[in-house]
Each structure stands twice: as C-alpha cells, then as structure tokens.
Amino acid sequence: RMQQDEIKLNSTSLVYRYILETLYFATNGDSWKRNKNWLTSVNHCTWDEVDCNTDDEVISLIFSSNDVVGTLPKELGNLSKLALLGLGSNSLHGSIVSEI
C-alpha cells in the first residue's frame, strides 16, 4: 500500500510532466536543438533545459537559441517555483499570457 507522501509526490511529478510536455508540443519540441530526455520516463529534472530544486520543482527553463517556435502555453503559469525563463534567440510569437 502506498503512503500518502508517495501519492502526493507521484501526482506532483505527473503535473510537472504534463506542463512541460504541453510546452514541448506547443513549441515544436521535436525540432529543438536540445531536447534530450524529453517525453521519456526519466525524471523531468533530467530533461534538457530544465532545472529543478531538491524537491524536483521546476525553477528554471533555459531555451536560448534552441529553435523553439510557436506560442508559450498558459500552463507554464502553473510552475509556481519557476524563477527564470530564458527564451532569447528563438521564433516565438504571440503574447506571454498573464498566467506566466
């Protein structure tokens, strides 16, 4: 039987993965220069361009010069610990939504 903390950790991890995967699909992640480990079963904190704190919460996403194209999804606003979002030298369009 799983302990409540294990369930919470697994649920949190699933939420982070969902948000990051939404970003991947919204910005043509298959064509990024650096996308190692994305969409794999390994911990999301090991995915290229993703940095986490010791609790596996996403604290920065650095996508500078990574061929990121499209519009940032509003789901990024749910990364409550995100302190740094590096997006320079890409082909993003549209507004940064208020959720971010």
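Colleague: What share of the contacts with a separation of 6 or more comes from residues 24 or more positions apart?
Modeller: It is 47% in this chain, where a contact means heavy atoms within 4.5 Å. This is a predicted model, in which local features need pLDDT of at least 70 and side-chain atom pairs count only at pLDDT 80 or more, while totals for chains, interfaces and linings use all residues. Residues are numbered from 1 along each chain as its sequence is written, and side-chain values use heavy atoms, with hydrogens and water left out.

Colleague: What is the mean pLDDT of the chain?
Modeller: The mean is 90, on the predictor's per-residue confidence scale from 0 to 100. A pLDDT of 70 or more is reached by 90% of the residues.

Colleague: Where does pLDDT stay under 50?
Modeller: Over residues 5-9, for which the model has 1 contact beyond four places in sequence.

Colleague: Is R17 buried or exposed?
Modeller: R17 counts as buried because its relative accessible area is 15%. Buried means under 20%, exposed over 50%, and partly exposed in between, with a 1.4 Å probe and protein chains only.

Colleague: What does R17 touch?
Modeller: Leaving out residues up to four places away in sequence, R17 touches T40, S41, V42, H44 and W47.

Colleague: Now the loops. Where is E49?
Modeller: E49 sits in the loop between α1 and β1, the latter being 50-52. E49 is not a glycine, yet its phi is positive, about 75 degrees. E49 is also buried, since its relative accessibility is 17%.

Colleague: What about phi of S65?
Modeller: Phi of S65 is near 50 degrees, again a positive value in a residue other than glycine. S65 is in the loop between β2 (58-62) and β3 (69-70). With a relative accessible area of 35%, S65 is partly exposed.

Colleague: Last one: what percentage of the chain's residues count as buried?
Modeller: Of the 100 residues, 32% do. The C-alpha atoms fill a box of roughly 45 × 30 × 20 Å along the principal axes.

Key
Helices (H or I, at least four residues) and strands (E, at least two) are DSSP runs, numbered from the N terminus.
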